[in-house]
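Let's walk through this structure together, one region at a time. Please keep the viewer open as you read.

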Amino acid sequence: MYRYDEIDQAVVDQRVAEFRDQTRRYLAGELSEEEFRPLRLRNGLYIQRHAPMLRIAIPYGLLSTRQLRKLAFIARTYDKGYGHFTTRTNLQLNWPELKNVPDILEHLASVQMHAIQTSGNCVRNVTADHMAGIAPDELDDPRPYCEIIRQWSTLNPEFTYLPRKFKIAVTGSPEDRAASEVHDIGLHMKRDANGQIGFTMYVGGGLGRTPIIGQVLREFLPLKDLLSYLEATLRVYNRYGRRDNIHKARIKILVKAVGIEEFRKQVEQEWEESKDFATQLDEAEVERVRAFFNPPPYEKLEDYDAAADKELEFQTWYRYNTRKHKVPGYRAVFVSLKKHGAVPGDMTSEQMEAVADLADAVSFGLVRATHNQNLLLADVKQSDLYKVWGELKRLGLAMPNIGTLTDMIACPGLDFCSLANAGTLNVADAIQKQFDDLDYLYDLGDIEVKMSGCMNACGHHHVGHIGILGVDKHGEEWYQITLGGSVNGFTALGDVIGPSVKQNDVAPTIQRIVEVYRKHREDGERFIETYRRIGLKPFKEHVYATPAAA
Amino acid sequence: MPLLRQRKLVEDEWTTLGEELPPDDVPLIVPFAKFKENPDAFRARKGKLGIRLAPADKVEELAPELPRLSLVVLEFTGPGEGRGYSQAKLLRARYKFAGEVRAAGHVKQDQLYLMARVGIDAFDLSPTEKPEEAIATLDRFKIAYTPGAPLPSITRERFHAS
């Protein structure tokens with residue numbers, strides 16, 4: 001993985017010192033709340049329902065075990081002994097004290113981590129595909145380019161006070177596991193006719209209250225032009241994005257307002273006219289960064305069926321919680337943070353430390369956070385799988401539900417977030433209880449359930465096969481359900497099924513939705529495929545045909 | 001109001017256009033909108049001329065006037081206003097403006113480093129700011145990722161410009 005040199009280390013150290021001083025001035029009354037707000041936000045610090053919330057960046061989801069242990073230490077020392085992994089591969093702490101935050105940032109800097117630009121109207125943590133570097137279908141590892149973008153965007157003087165937040169995702173696979181088309185900028189790796197690496201650049205995607213799928217800004221952007229083209233795009237956005245209305249300030253609104261052709265014209269012109277002062281990306285710098293992502297020293301092994309002749313429980317886990325690896329003899333292993341009865345994405349300090357030990361023993365000392373709020377041990381020998389399963393089971397991290405209905409994404413919701421309209425955690429719990437029968441769950445197959453507690457859509461409900469959105473109706477928590485959203489190579493926004501339902505009716509409603517699927521599915525057809533074939537109507541009819549169960 | 005220029009607190013010799021036009025030789029700052037109402041009158045003045053840009057004003061439109069200007073003032077209307085950073089960058093990098101580029105309005109020590117890096121070299125500090133602290137922030141960062149206007153403290157940059 002990437003290791004800081006003296007430049008990277010100096011940047012985070014300088015930043016910690018700066019924020020320590022800003023916090024001191026705020027606590028001494030020298031900075032007003034209004035003045036402190038954009039400063040703390042740019043260091044990942046929100047003021048939430050109960051306490052500040054600190055969002056720590058995990059760039060493109062990659063963690064060393066040393067870093068994971070440090071996160072465990074921080075969660076235990078400064079919080080309540082657990083953290084929450086988010087869909088943008090950050091770790092959120094829900095209970096730190098403001099006065100301790102500079103110390104927390106210093107601990108992070110000591111292991112080459114930070115919370116810089118994890119919130120605020122600036123370029124956020126750059127994300128990638130969790131299967132980066134190991135996916136059989138991958139064109140190239142996207143992480144070196146994520147790291148380059150991370151550095152370019154960190155404390156970038158021109159783009160630190162944008163109209164609104166700005167999210168970039170990079171994917172190296174046709175199956176877009178980074179959901180890049182619902183980002184402000186999505187970069188899909190491509191090769192040109194000469195085999196040169198570059199990107200198809202999408203712009204203006206996003207969820208939130210106005211969900212929009214990104215459009216192609218540039219069919220092929222050569223790698224050497226990556227930073228100069230990002231600069232041109234961000235400059236057009238910084239100058240012309242709306243600042244009068246927070247809900248209309250994302251780049252997607254600008255692109256929609258002027259149209260993609262006009263927006264492209266403006267970016268191209270800006271790019272042409274800034275060629276003699278734009279930031280360059282040299283081959284030497286690319287090579288320097290790429291070298292950190294060379295494959296680990298794999299053993300020369302053959303693939304074999306590690307699940308054969310083992311008990312059914314292991315076979316089930318193997319099937320659901322491990323994935324094919326491009327190197328023979330290895331598999332990628334999900335560490336499930338979706339145990340029934342637990343909050344999706346939450347992990348205790350003890351679990352973090354134990355997973356760090358495990359990764360040291362079997363996966364080259366690296367751990368990945370995934371877009372779906374799980375962790376991944378990317379490089380496990382097939383012969384180690386049985387041992388790994390036993391250990392994960394002991395830790396409560398082997399729930400064999402990855403890719404199933406209960407591997408759902410959920411934001412923290414009303415229990416923690418001051419923006420939320422409705423709870424998500426109790427709904428998640430009810431759904432887990434409703435679908436606790438594993439055989440039934442497996443019969444339903446791949447279903448992505450995504451839930452947000454408000455229109456800001458942190459839980460990506462628009463792109464869930466089944467999306468759940470919490471809404472406030474006269475002080476009561478209600479839930480709007482959508483069907484047919486997806487990412488992963490075919491980005492679509494879900495359709496609203498009908499009137500929203502009460503909290504207690506969410507799980508029974510989902511039950512009815514899957515009943516329709518079971519009735520109509522054809523051989524081997526996944527939920528989303530059935531939905532695309534038969535459309536919304538049969539689902540709507542069945543769901544609203546009879547009153548929901550009490 | 002203290003003006004921070006070249007790391008020193010100085011008296012501001014400029015007058016901003018009010019109801020009445022000051023004598024011909026007084027250095028005068030004219031809001032760009034006012035300037036456009038009667039450009040020839042301002043161009044004909046003997047004294048130095050400065051233009052004040054609102055965040056939405058286009059640097060491109062000002063470009064033809066730049067050779068006769070000694071000062072461009074960029075307005076930062078609140079803590080989240082960021083268009084001035086791109087205006088400054090374009091003034092310096094694209095139009096090679098060599099006069100003073102001054103930040104005015106919401107100008108706090110916490111933004112000074114960023115402002116200096118896009119080429120702003122004078123700061124009309126917000127009244128609550130402590131000038132000594134503000135000056136010190138210009139030396140806080142020794143290393144930067146992206147290329148920017150030179151600062152004495154910045155010894156290394158990761159990336160370079162064309």
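Predicted model: local features only at pLDDT ≥ 70, side-chain atom pairs only at ≥ 80, totals over all residues.

Helix H4 of chain A, residues 101-110, has these buried residues: Val101(A), Ile104(A), Leu105(A), Leu108(A) and Ala109(A). Looking down the axis of H4(A), you will find its buried residues within an arc of 140°, so they line one face of the helix.

What do the buried residues of H4(A) pack against? Their partners are helix H1 (6-27), strand E1 (45-47), strand E2 (52-57) and helix H3, which all belong to chain A.

Helix H3 of chain A, residues 65-78, takes us on to a sheet. H3(A) lies across strands E3 and E14 of chain A and runs at about 85° to E3(A). Those two strands belong to an open sheet of five strands in chain A, with the order E3-E14-E15-E12-E11 and antiparallel pairing. Strand E3 (62-64) and strand E11 (322-324) of chain A are at the edges; each has a single partner strand, so one side of each is left without a neighbour in the sheet. From one strand to the next, the twist averages 30°. In general, strands of a sheet pair through backbone hydrogen bonds, either parallel or antiparallel.

Now zoom in on one pair. E3(A) and strand E14 (residues 366-369) of chain A run antiparallel and are joined by three bridges. Leu62(A), for instance, has Arg368(A) in E14(A) as its bridge partner.

Leaving out residues up to four places away in sequence, Leu74(B) touches a set of chain B residues, among them Leu53(B), Gly84(B), Val101(B) and Ile120(B).

Our last stop is Val496(A), which sits in strand E20 (residues 495-496) of chain A. Val496(A) has 14 C-beta neighbours inside 10 Å, so it counts as partly exposed. Not counting residues up to four places away in sequence, Val496(A) touches Gln480(A) and Thr482(A). Between Val496(A) and Gly467(A) there are 8.8 Å in space, C-alpha to C-alpha, while in sequence they are 29 residues apart.

Note on methods:
Residues numbered from 1 in each chain as written. Chains lettered and ligands numbered in written order. Pairing = 2+ DSSP bridges. Helix = DSSP H or I, 4+ residues; strand = E, 2+ residues; numbered from the N terminus. Axes fitted to C-alpha atoms, helices over the stretch in contact; angles between N-to-C directions. Contact = placed C-beta atoms within 7 Å. Buried ≥ 20, exposed ≤ 12 C-beta atoms within 10 Å, placed from the backbone. Arc of directions from axis to C-beta.
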